Amino acid sequence: MHIAALTEHTGAEVRGLDLSQSISEEARQALKAAFVKHHVLAFRDQSLVPHQLVQAVTLFGEIFPQHNTRFALPDCPQIHYLSNQDHFPDGRRYIPGEGWHTDHSNDSRPPMATVLHAVKLPSRGGDTQFANMAAAFDALPEATRARIAPLLAIHVYQSSHSGRKLMALPDAAKERVPNAVLHPLVRTHPESGLRSIYLNPIRIEGILGLDHKEALPLLDELLAHATGDRFQYRHAWQPGDLVIWDNRCLLHKANGDYDMDEVRYLYRVMLKGDVPR
Ligand SMILES: [Fe+2]
C-alpha cells in the first residue's frame, strides 16, 4: 500500500490496496491516520459492488442513514446513488451537490465522512472540489477568529437564503429529520484538535442572536475567503476511484460542467459522526 499526498494541505491517493479483500489491522490504522492528516483519501482502481462497499467503509466507521431515501439503492438502502439523470418534478435536471456545502449538517450528529465510488463517469469534467476549512480558519485575522468562535449557526434542511434547491424529502423521511439544529460556526476536530469554520450555505438559516443584516454578509464573506484557490483540492475522477472525505473540516462541491448526455453515476455512503463542538 502506498499513500501519497495530492496537495500540501488536502488529499492523498492510496494505491496498491484492494478494498474488496480483508485489510490488516496495521493497514487500517495507517489509513485512519492518513484520513485525519489528509482529510480526503482517493483509493485508485477499486471495483466494488454495493455489499462490498458497505463492508469496505466499516474500516472507517459505522454507516449513517442518509436523509433523502428516494436516492437509496433498492437492494442496499445504506447506499444512495448520485446521478445526473434525475429531474425535479418540473422537469429541470437535478445536479446533486452543486454549490459549496458540507453533507447533512441539518442533523444533530452530522456524518463525519462521505464516501463516493465511481460507477460511471463522463469522459471529461464532473470534478469534485474540496476546501480545507481548518486552513481557512487559520488564515483569518485574529479579530475575526475571536468574533466568530462563539457563534452558533441555525441549520435546516433547506435554507431560504440558498439559491440552490434540494430535492424535497419524502414524507416518511421528514419524520426523522430535525426541523432545525444549532451548531457552532467554528468546530474543533475530535481527532486532530484543529479548529475549522463550519459553514453550509444551503443549510444555514441564520446565526443565533444576530440580525440577518449582519449574519448574511458575514457568512458570505467567510465563504468567499474559505473557498479561495489556496485552500482547495480539486479531484478529477478516474474510473475505479473510491473517495472518502472528512465533513468535519471540509466543504465540497460538484461541477455540472460536462455533457449531460453522458451518464455520471456514483454510489454514496456516509459514516456516523459526533455532535459538533
Ligand atoms: Fe455533498
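Helix H2 (50–57) buries Leu53, Val54, Ala56 and Val57, where buried means under 20% relative accessible area, exposed over 50% and partly exposed in between, with a 1.4 Å probe and protein chains only. Viewed down the axis of H2, these buried residues fall within an arc of 165°, so they line one face of the helix; the arc is that of the directions from the helix axis to the C-beta atoms. His51 and Gln55 are exposed on the face of H2 turned away from the buried side. The cover over the buried residues of H2 includes E4, E6, E7, E15 and strand E17 (265–271), contact being heavy atoms within 4.5 Å. Helices (H or I, at least four residues) and strands (E, at least two) are DSSP runs, numbered from the N terminus.

The model is predicted: local features need pLDDT of at least 70, side-chain atom pairs count only at pLDDT 80 or more, and totals for chains, interfaces and linings use all residues. Residues are numbered from 1 along each chain as its sequence is written, and side-chain values use heavy atoms, with hydrogens and water left out.

Leu48 belongs to the loop between E3 and H2 and is buried, with a relative accessible area of 5%. Apart from its neighbours within four places in sequence, Leu48 contacts Leu19, Ser20, Leu53, Ala56, His117, Leu242 and Tyr267.

Helix H1 (residues 25–38) has 14 residues, which should span 20 Å at 1.5 Å a residue; its end C-alpha atoms are 20 Å apart, in agreement. The expected span of a helix is 1.5 Å times one less than its number of residues. Ala27, Leu31, Ala34, Phe35, Val36 and His38 are the buried residues of H1. They pack against strand E1 (2–5), strand E2 (12–15), E3, E7 and strand E15 (242–246). His39 follows H1 and has a positive phi, near 70°.

Helix H6 (residues 212–226) contains 15 residues and reaches 20 Å from its first C-alpha to its last, close to the 21 Å expected at 1.5 Å a residue. The buried residues in H6 are Ala215, Leu218, Leu219, Leu222, Leu223, His225 and Ala226. They cover an arc of only 160° around the axis, which puts them on the same side of H6. Lys213, Asp220, Glu221 and Ala224 are exposed on the other side of H6. The buried residues of H6 are covered by elements including strand E8 (128–132), helix H3 (133–138), helix H4 (142–148), strand E12 (195–197), strand E13 (204–207) and E16.

The iron ion has His101 (NE2), Asp103 (OD) and His252 (NE2) as protein donors, at 2.1 to 2.2 Å. Donors are N, O and S atoms within 2.8 Å of the metal (3.2 Å for Na, K and Ca); water is not among the atoms, so sites may look incomplete. Along the chain, the donors of the iron ion have the spacing H-x1-D-x148-H. Asp103 lies in the loop between strand E6 (76–83) and strand E7 (113–120) and His252 in strand E16 (residues 250–254), so the pair ties together parts that are 149 residues apart in sequence. Asp103 and His252 are both buried.The count of aromatic pairs is 9, for rings of Phe, Tyr and Trp (its six-membered ring) with centres within 6.5 Å; planes under 30 degrees apart count as stacked, over 60 as edge-to-face and the rest as tilted. One of these pairs, Phe43 and Phe60, is edge-to-face, at 6.4 Å centre to centre and 70° between the planes. The pair links distant parts of the chain, 17 residues apart, with Phe43 in strand E3 (residues 40–43) and Phe60 in the loop between helix H2 (50–57) and strand E4 (63–64). Phe43 is buried at 0% relative accessibility, and Phe60 is buried at a relative accessible area of 8%. The ring centres of Tyr265 and Tyr267 are 6.0 Å apart and their planes stand at 75°, so this pair is edge-to-face. Tyr265 is partly exposed, with a relative accessible area of 24%, whereas Tyr267 counts as buried at 13% relative accessibility. A cluster of Phe71, Tyr81, Phe88, Tyr94, Tyr265 and Tyr267 is linked by ring pairs.

Charged side chains also lie over rings. The charged end of Arg92 sits over the ring of Phe88, 4.6 Å from its centre, and Arg187 lies over the face of Tyr198, at 4.6 Å from the ring centre. A charge sits over a ring if NZ of Lys or CZ of Arg is within 6 Å of the ring centre and within 35 degrees of the ring normal.
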